[in-house]
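Have the viewer open as you read.

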Amino acid sequence: MILWAAIAGMLVAMAAIGPFGFILGGVVGAMMGVWLRSIMAAEVAREVSRHIAGLEFTTAAPAQVSHPAAAQPYTPQEDWLPPAEEEAPPPVAEPSLPAAPESAPSPQPTASVPVTAPTEDLEPAWREPAIAKADSYHYTANSYADQRADQADLFDKARGWLLGGNTIVRVGLVVLFVGLSFLARLAINAGLFPLEARLASVGAAGAALLALGFRKRIERPAFGLSLQGTGVAVLYLTVFASSRLYELLPLGAAFGFMILFAALGCALAVMQNSLAMALCSFIGGFAVPILLGGESPTPLPLFTYYTVLNLAILVIAWKKSWRPLNLLGFFVTFGLATVWGMTSYSDQHYMVTQVFLVVSIAIYLATALLYAHNTPGSLGNAVDSTLLFGPALAGFGLQVGLVDDLEFGSAFSALAFGAAYLGIATFTLRKRQEEMRLLSECVLAIGVGFVTLAVPLALDAKWTSAAWALEGAGAFWVGARQARWMPRAFGLLLQLVAAFILTATLELNVSAIPIANNGFVGPLLIALPMLFSAWQLRRELPHSGSTMAQGYAGNERMLEKLWFLIGFAFAAIALVQEVTRSLPATTSESYPQPVLTEYGQAFGVMLALLGLMTLSDWLGRRANWTVASMPARLSLFVLWAGFLASLVLERHVLYLPDVAVWVVAIVIHGLLVRRRDRDKGDEQGGFAGFIHMGGAWLLTAMLADSLDLGIDQAQLWDTSWAGVIPLVGCTAVLALLTRWAGRAAPLPDTKALGWPLHPHARAYWWGAAVPLVVLAYGGALAAAIVAEGLTDPLPYVPLINPVDLSVALALASLIAWRRMVLGAKRLPIGAEVLPGKAPLVLGAALGFVWINMIWLRSAHHYLDIAWDSASLLASPAVQTGLSILWTLMAMALMLFAKRRALRLPWLTGAILLGVVVVKLLLVDMSTAQSWARIVAFIGVGVLMLAIGYFVPLPPHPDSPDEDDKR
């Protein structure tokens, strides 16, 4: 289905978009096919489920109406037959059942069980149990049925949540409220009653609902609370309409009435232990300033009113753990304070606003403490993270806005917040209440966080990151000493943030002082704390044993490698910053001057990184710290980066002093690789084998670079000498690997060959050689086709020129490598193709192209034919030469076939002869000049006569196979 859908999508897209839309159409069609297949699979699964349920229903029915004896377990005896004197009931046709599978167990004998046709009276007796059995049966293999059952459960839960409680009362109250609203609107529009009377009647209705609900609070609690909530809402709206809409009630009186109604609702809520009532009352209370509005020269009345409401919430929190009420007060208070500050704040309101902010933060912090005190849990008292962290974040944000124009105002504010939270943490920790341990640690973390935040608010980013990294290391060390996981987590997080800050603010290191400068010291102050923490993480650290501590400890142990590698990276950044340091500009019109040249910086960075890797590896081995040896595995990549940088800077390996730098770098790399191989023992392959392969490829690139230098010195860039440099480099290294590492291929053991052939010989003669084989083949084919054969200052001589010699050497190296691999003790994975005919065909194709191009290059040089395909193919001499050349090649193949008794080469030569004949008729006959045509036909004819004389027929079919002759 997916395939046909993809094909259909391709056709539709090609018709709608064009020929280039088939890819998009195929992708969309395949996706539609997957979707349709999933729908069909679900439908099939549903039908199978229904079929199985029906089968269960049908097979269960007779068991309900059968004789009681049918309920007895079956035993392999014959006494289950009915007594002879009993008269068997007349046989009744059994209902047809679907054929059971062959693997199903045989049904128990039921011949003596009377089966009667079900009647209307018997229907309930057999139908209901069958349904119950079908419903209770679990089809474990039918995931679709399980999903349907889960969906039904979710639907039932959602419906119960939506319609739970006294739904009729709720809906009735809503309808009543809407009806009263419509009635009041109609009466107002008709002018039937005075406005004061209408509003008074609505308020009286709300009071009546409130009184009726309070009267029914014991008899029917849910009903009574619903009426009370509606009554309070009606009273709120009445006062609001009287004051704001119709201006019948003074603003002060309306304000007082709303406060009274809010207090009444809170009292009723606490009295009846109703969170919903409390929420309704406080929503109305907080909405009073928004509904009534008004202008005031000072925010003191507004802040006083909100402080009273918040104190009421605090009083309720003393006895009730009503988290939604606490969150309502917090979000409304700080949300409205933020809006007021953005729209109405001015400097003359600073003192009032500051006092209100401090009081609000204190109230909700105390509310969070009371909530934790009143809410026990299985793992200690619960902590409301929103109320604990919310006042700190929101309050500090508002505080920063207040002191934004004061110097170091934000820093001092952070210190004040930190001091307050640390004081609370000190108080709670002195109580030594284990159930309050989580709260104490959270408050302590917030306090430390504010103290930490004061650093960047007073200092610049570079020193802030350094201070945070050091502080994080200290917090981690304290947490490790005291077996506390939260300080350790905070310390690691602080170090990570410091690392990000330094990375974001990193810039060019400009300093006249070496080492003791910001560019070097800054990253180093990040690296040292992280390396210190990684050293601490090398062993499992103690913790309190709580569930959260155990979960954190399991993840903390895995951070050792990450923290060490990050610390090592920043140490490397410090070295790079120092190596690339620039001196300050001497004048305002000049620019900073680097201490080292560009290539000096590249080689300096390479040697510095290799030295740091060597130092880390030495320390790791000395302290038995495995992770410290990990960076040394990347030494090869450092060499490659340095080599590519030297190419970009137009430096050659054999330049001075470059060659000395490369010798030192390669020696360091070799020592690191040898140490690692000693640790691994006889382990082969994997990343270690890749490093050896990469070294061989780097040697190839360096050899090509050295040859490139020779071409540059001889000024031969416009000749074919320069074009074959990559091919010569690949061929030379391939021949070296075949001769040097290939001697290990036929050996059962490489221990006698020493390092690095033991144990990585296969990585050289197979892993490193395969890409070189591909490059050598591709390079030889490209050189044979593209190279013009410019051999200045030497004259062009066929076969004895850089192009033909390079292709010949590449072919010889490929043949030698294949023979070496075929002679191996055990063929590597992927070498199964080498014994087949595919390599021979590829080699023959390369040889055929090469020989033809020899003729084309010779014609270009000796017959003065332009070196382009159009000119060459239009030349009669070229076409004649190709005909004769192909005939000679066919003759050589057929003679070779006769000598070796092989049919395939003879048939290949015969096919080539057929091609020559067709070419003579279609090409040479029509385009060649008379002399060229004569030479072509005569030459080909004579050669074909010779072939017919010496090898007229292919070898006999019974001759040995080609594989046996190789």
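Before going on, some ground rules. This is a predicted model, where local features need pLDDT of at least 70, side-chain atom pairs count only at pLDDT 80 or more, and totals for chains, interfaces and linings use all residues. Residues are numbered from 1 along each chain as its sequence is written, and side-chain values use heavy atoms, with hydrogens and water left out.

The structure holds 2 cavities of 30 Å³ or more, a cavity being a set of points on a 1 Å grid over the protein atoms alone where a 1.4 Å probe fits but cannot get out.

Now the helices, which are DSSP runs (H or I, at least four residues) numbered from the N terminus. Axes are lines fitted to C-alpha atoms over the stretch in contact, and angles run from 0 to 180 degrees between N-to-C directions.

| Helix pair | Axes | Angle |
|---|---|---|
| Helix 18 (residues 518–536) and helix 20 (residues 559–579) | within 8 Å | roughly 160° |
| Helix 26 (residues 725–740) and helix 27 (residues 757–786) | within 8 Å | roughly 150° |
| Helix 28 (residues 802–822) and helix 29 (residues 838–862) | 11 Å apart | about 170° |

With its angle, helix 28 runs roughly antiparallel to helix 29, a label for angles over 145 degrees. Contact means heavy atoms within 4.5 Å, and in this pair it involves Val803, Asp804, Val807, Ala808, Leu811 and Arg818 of helix 28 with Pro839, Leu840, Gly843, Leu846, Trp850, Ile854 and Arg857 of helix 29. By class, that contact has 9 nonpolar, 1 polar and 3 charged residues.

Helix 26 and helix 27 make a left-handed crossing (the near helix is turned anticlockwise from the far one by less than a right angle). Their contact has 17 nonpolar, 2 polar and no charged residues.

Helix 18 also passes helix 20 in a left-handed crossing, and the residues of that contact divide into 17 nonpolar, 4 polar and 2 charged.

Key:
On a 1 Å grid over the protein atoms alone, a cavity is a set of points where a 1.4 Å probe fits but cannot get out, and a pocket is an open set with protein on both sides within 12 Å along at least five of seven lines; lining residues have an atom within 4 Å of a point. Grid points are joined across faces, edges and corners, and a volume is the space filled by probe spheres set on the points. Helices (H or I, at least four residues) and strands (E, at least two) are DSSP runs, numbered from the N terminus. Ala, Val, Leu, Ile, Met, Phe, Trp, Tyr, Cys and Pro count as nonpolar, Asp, Glu, Lys and Arg as charged, and the others, Gly among them, as polar. Angles under 35 degrees count as roughly parallel, over 145 as roughly antiparallel, 65 to 115 as roughly perpendicular and the rest as oblique.
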